[in-house]
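Open your viewer and get ready to select a few pieces, one stop at a time. We will go from a single residue out to the elements around it.

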Amino acid sequence: MSLYLFCPKCEKAIDSSHINVKTDLANCQHCGTVSKASTLIIADSLDAVMKPPSGSSIEMIKELDGSVRLLIPNRGWTTPFIFQAIFTVFFLAMGVKVSEPFFVVQDSVMGYILLLPILIFWIVGLSMFVAVLNSIFETQEITITKTQLVIQKNRILRKKRTEFNLNDIHDVKSIHIRGGFFSTFMNFRLMWRIRFSFGAGVLLPGILIGSKTYYFAEECSDAEQDWMIKMIRQRVGE
């Protein structure tokens with residue numbers, strides 16, 4: 001039976017040729033970290049480490065060409081959406097209300113003055129409506145081949161597919177979310193988590209390439225996010 005040691009820094013498997021049993025030292029071939037071998041995480045197979053957490057709904061598919069696909073289902077309706085639905089209805093209702101005088105005002109100047117609040121309410125209301133639908137029904141598919149990492153976010157509107165070359169990836173880890181006020185306001189599930197973080201912020205899985213960060217698996221549990229980060233880092237480091 002083969003045993004695998006995992007680096008405490010980059011969490012990738014350490015090749016047996018980099019383990020010195022006599023000195024009890026292990027040198028990670030990926031990041032160069034030297035650790036005491038007897039204190040490292042041990043598993044009898046990579047597959048045992050790479051299985052999704054217990055109770056997870058994420059499906060992992062291994063293809064014949066060696067690639068791996070992670071299928072993340074939608075999370076459906078949750079408590080935070082009650083508040084987002086209320087705000088969405090409010091802004092759409094206000095959009096209808098402020099639009100009524102626009103069609104009866106004879107003075108063109110006054111009509112243009114009314115146009116600004118009309119646009120604000122309708123843009124915010126429709127944006128929130130789209131955000132609700134996307135958050136409820138969005139699924140994600142992560143594909144890792146020998147050369148690429150592909151993240152596809154399947155939404156009702158604004159589907160997104162991003163491809164990365166493995167050689168360009170600097171790291172994959174949990175990162176504090178960085179987003180503008182409008183983008184955060186459009187995601188009540190994220191706002192809900194920030195509200196109860198007590199100032200600590202919210203960590204999300206992120207792919208670091210150059211100066212940019214690409215987030216994924218935003219709706220997954222902490223255990224699922226931690227597992228995906230370890231799994232992707234292991235595959236990227238092969």
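Which residues does Leu149 touch, not counting residues up to four places away in sequence? Select Leu149 and look around: Ile142, Thr143, Ile144, Thr162, Glu163, Phe164, Leu166, Ile169, Ile207 and Ile232 are in contact with Leu149 (contact means heavy atoms within 4.5 Å).

A note before moving on: this is a predicted model, where local features need pLDDT of at least 70 and side-chain atom pairs count only at pLDDT 80 or more, while totals for chains, interfaces and linings use all residues. Residues are numbered from 1 along each chain as its sequence is written, and side-chain values use heavy atoms, leaving out hydrogens and water.

Next, select Ile142, Leu149, Ile169, Ile207, Phe216, Met228 and Ile232. These have the most contacts inside the largest nonpolar core, which has 23 residues. A nonpolar core is a set of buried Ala, Val, Leu, Ile, Met, Phe, Trp, Tyr and Cys residues joined through side-chain atoms within 4.5 Å; buried means under 20% relative accessible area, with a 1.4 Å probe and protein chains only. Helix α6 gives the largest share of this core, 6 residues.

Now show the strands (DSSP E runs of at least two residues; helices are H or I runs of at least four, and both are numbered from the N terminus). Five of them form an open antiparallel sheet, ordered β7-β8-β9-β10-β11; strands pair if DSSP finds at least two bridges between them. At the edges, β7 (59-62) and β11 (160-165) each pair on one side only. Zoom in on β9 and β10, joined by 6 bridges, and find Gln140 opposite Lys153 in β10.

Note on methods
Buried < 20%, exposed > 50% of the residue type's maximum accessible area, 1.4 Å probe, protein only.
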